[in-house]
Amino acid sequence: MTFKATVLTLYPEMFPGPLGMSLAGRGLQRGLWALDTCQIRDHTTDKHRSVDDTPAGGGAGMVLRADVLARAIDAASNKDDGRPRLLMSPRGRPFNQARAHDLAKGPGAVIICGRFEGVDQRVIEARELEEVSVGDYILSGGEMAAMTVLDAVVRLIPGVMGNMASAETESFEKGLLEHPHYTRPVEFEGRTIPEVLGSGNHKKIHEWRLAEAERLTRARRPDLWGAYMAEDDSD
Ligand code: SAH
């Protein structure tokens, strides 16, 4: 079963974009995952092909219409295909590495990209859309959020990344930020590489990396650090 992403957007020409390059792009070419897009505007019925309208109650901006979006969703995905329907939305549950793993194990995702002020609430409820946020800031549309989610998910699909081992120590995988990296040259502008890394002592190297990961997490991400410590206590 191949992971299949369907992206509903007013700008299908943005895809695959960056997802067509590098690891994700090679995976796409090799059929390790699949991507299609659906132009929401193709599901309008009026002669102006309008996808949006003014907000009920007044105020700035425009809102994506529930009827148009529902038709696009129904045409682009079958309710029984088991794929979650994700609406990119700053109000959604924050996307993270755990959710990326969940999605990568599944059959794919139907991803809906909002524009304007957002989408009519009724289609969110009627089509049981799961709102997903990529961070506490406002993008002008859901397309880059969709690319972010897909990039994070696709690299976890077996075969997409050359070296799966490198994924295991990465930031967030163990609840910690990753340790710093070094490579040649041995000296750069008077700065050397920490001696332990050249020692060949794998136990010492592992201990140093863990200590650095803990130090960075504690200093930069009290939220992750708290969860990591709580996990430790429960062991
Ligand atoms: N008025 C909305 C923001 C609309 S931004 C609000 O204040 O919550 C337009 C579209 O961009 C949204 O519908 C959503 O699809 C997308 N978008 C913007 N920021 C996002 C974020 N942080 N995460 C995911 N999608 C986002």
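Colleague: How far does a backbone N or O atom of Glu 117 lie from a nitrogen atom of the ligand?

Modeller: This is a predicted model, and every value I give is computed from it. Glu 117 is listed among the closest of the 19 residues that surround the ligand. Between a backbone N or O atom of Glu 117 and a nitrogen atom of the ligand, the distance is 2.9 Å.

Colleague: Which residue has a polar backbone atom 3.4 Å from an oxygen atom of the ligand?

Modeller: A nitrogen atom of the ligand is 3.1 Å from a polar backbone atom of Val 134. For the oxygen atom of the ligand that you ask about, the polar backbone atom at 3.4 Å belongs to Gly 142.

Colleague: How much of the accessible area that the ligand has on its own does the protein cover?

Modeller: On its own the ligand has 560 Å² of accessible area. Of this area, the share that the protein covers is 85%.

Colleague: Is Glu 143 buried or exposed?

Modeller: Glu 143 is found in helix α5, which spans residues 143-154, and its side chain is joined to that of Thr 9 by a polar contact of 2.6 Å. The relative accessible area of Glu 143 is 1%. A residue counts as buried when this value is under 20%, and therefore Glu 143 is buried.

Colleague: Why do the buried residues of α7 line one face of the helix?

Modeller: Helix α7 covers residues 202-220, and its buried residues are Ile 205, Trp 208, Glu 212, Ala 213, Leu 216 and Thr 217. On the face turned away from this buried side, α7 carries the exposed residues Lys 203, His 206 and Arg 218. The buried residues line one face because, seen down the axis of α7, they fall within an arc of 160°.

Colleague: Which residues are exposed on the other side of α1?

Modeller: In helix α1, made of residues 22-29, the residues Ala 24, Gly 25 and Gly 27 are buried. They cover an arc of only 160° around the axis, so they are on the same side of α1. On the other side, the exposed residues are Ser 22 and Gln 29.

Colleague: How far apart do the C-alpha centres of domain 1 and domain 2 lie?

Modeller: The protein is divided into domain 1, residues 3-154, and domain 2, residues 164-234. The distance between the C-alpha centres of domain 1 and domain 2 is 35 Å.

Notes. Residues numbered from 1 in each chain as written. Predicted model: local features only at pLDDT ≥ 70, side-chain atom pairs only at ≥ 80, totals over all residues. Heavy atoms only, no water. Helix = DSSP H or I, 4+ residues; strand = E, 2+ residues; numbered from the N terminus. Expected span 1.5 Å × (residues − 1). Buried < 20%, exposed > 50% of the residue type's maximum accessible area, 1.4 Å probe, protein only. Arc of directions from axis to C-beta. Near = heavy atom within 4 Å. Polar contact = N/O pair within 3.5 Å; in protein donor to acceptor, adjacent residues only side chain to side chain. Areas by Shrake-Rupley, 256 points an atom, 1.4 Å probe, with all protein chains shown as cover. Domains from an automatic or database assignment.
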